[in-house]
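Colleague: Could you take me slowly through this model, one question at a time?

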Amino acid sequence: MTRGRSNEAEFARARHAIPGGVDSPVRAYGSVGGTPRFLVRARGASVWDVEGREYTDLVCSWGPALLGHAHPEVVAAVQQAAADGLSFGAPTPGETLLAEEIRARVPGAEKVRLVSTGTEATMTALRLARGATGRPLVVKFAGHYHGHSDGLLAQAGSGVATQGLPGSAGVPEPIAAQTLVLPYNDLAALATAFAAHPGRIAAVITEAAGANAGVLRPDPGFNAALARICHENGTLLVLDEVLTGFRVGPAGWWGLDETPFTPDLVTFGKVVGGGMPLAALGGRPELMDLLAPLGPVYQAGTLSGNPLAVAAGLATLRLADATVYAHVDRAAGVVADAVERELAAAGVAAVVPRAGNLFSIAFRTGTVRDYDDARDQEDWRYPPFFAAMLEQGVSLPPSVYEAWFLSSAHDDAALDRILRALPAAAGAAAAA
Ligand code: PMP
């Protein structure tokens, strides 16, 4: 316990210096209420707040902590890298090793450019698609989140969904107009868009499996149909694996999808940086070589391929073997089944949409296939559910529109703490 410190006091002080007291909106607990926990330490499946309270963590830094927090071998790799210099602004051998590691898992990412955030990865992928095709328009799906670049905030998921916003102020209308937003899992809507804008759609960007409006699993064959329709129209398919990549399996959702397909560009983030600021985009050489310095599409970054981030990413990917994925899959299944069971036992109408080891709650009946379905739920049942879990020492994503994340550090003791907390939380949701 850090004597005299409280989450309330930290939050009050933070709000004087930082807008909303947070550096990323959903952390503010806006939709669940209460005071965000100010964290000071994380290890394995647990995080600790300034008051010294331990929580079993189902946020996992919003995805990166596949191996649990502060895995000793990842920390050692970062410490070693730090001792050799924090940032060079010059190429390093580690960047090549990480690019090769990514390509070995996702062969479509034949060449890889490292950046620092998922936002940069998707923003660059779309610039590249426009540069390659000479076309202006981009298609995205409602409820999908691809970071906070101007063109991608329309009907976005994650915090934009949590706040119920249609988009963001500050995005000029001519830029917003370059993005066509379609319902997810709706191939007829896609065909209509292509018919309405012949020869003008540069790219379709899709989350490999939707996980930012709660989990929105692609219908079987949907991604493959997307790839086919894109290619028939001279359009590039950008597969956003920032969240799913190296988390749902060694080759991301692309490696799990029932129907084989070939995206043109793939974006990565989160797990690929092992908890450090690192993301990537990859694709076949003739596309990737359009990037500067070889080609006319500009992209750059002072901290791109930062040696500490590369060390964390490499160590994480090298440790993320079949045993790790089997463990995370099993742990996620245990928790998802228990959530479903306890909510049903409490008489709450709820479903638990799943995609690989990702899942979330939707307080409704019937399948959730698109953003309209996801919004059509009794979302007011989540805040009391969330609060009851937190009260019992389990930290959930502070929004019903976010996926839950487990790790290979979620052992039986951690799962037991989660399972024991669920009945009271389900009861709180029922009483809401
Ligand atoms: N794409 C997807 C699918 C994401 O889930 C996210 C972040 N949650 C991003 C892009 C943006 O990544 P970042 O927050 O690193 O900019």
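**Strands and a helix**

Modeller: In this predicted model, Val-139 stands opposite Val-204 in S7. Local features need pLDDT of at least 70, side-chain atom pairs count only at pLDDT 80 or more, and totals for chains, interfaces and linings use all residues. Residues are numbered from 1 along each chain as its sequence is written.

Colleague: Which strand does S7 pair with over 5 bridges?

Modeller: Helices (H or I, at least four residues) and strands (E, at least two) are DSSP runs, numbered from the N terminus, and two strands pair if DSSP finds at least two bridges between them. Thr-206 has Leu-239 as its bridge partner. The strand that pairs with S7 in the parallel sense over 5 bridges is S8 (residues 236-241).

Colleague: Is strand S7 largely enclosed or open, and why?

Modeller: A residue is buried if 20 or more other C-beta atoms, placed from the backbone, lie within 10 Å of its own, exposed if 12 or fewer, and partly exposed in between. Since 7 of the 7 residues of S7 (residues 201-207) are buried, the strand is largely enclosed by the rest of the structure.

Colleague: Which residues of H2 are buried?

Modeller: On the other side of helix H2 (residues 72-83), Pro-72, Glu-73, Ala-76, Gln-79 and Ala-83 are exposed. The buried residues of H2 are Val-74, Ala-77, Val-78 and Ala-81.

Colleague: Within what arc do the buried residues of H2 fall?

Modeller: The arc is that of the directions from the helix axis to the C-beta atoms. Seen down the axis of H2, the buried residues line one face of the helix, because they fall within an arc of 95°.

Key: Expected span 1.5 Å × (residues − 1).
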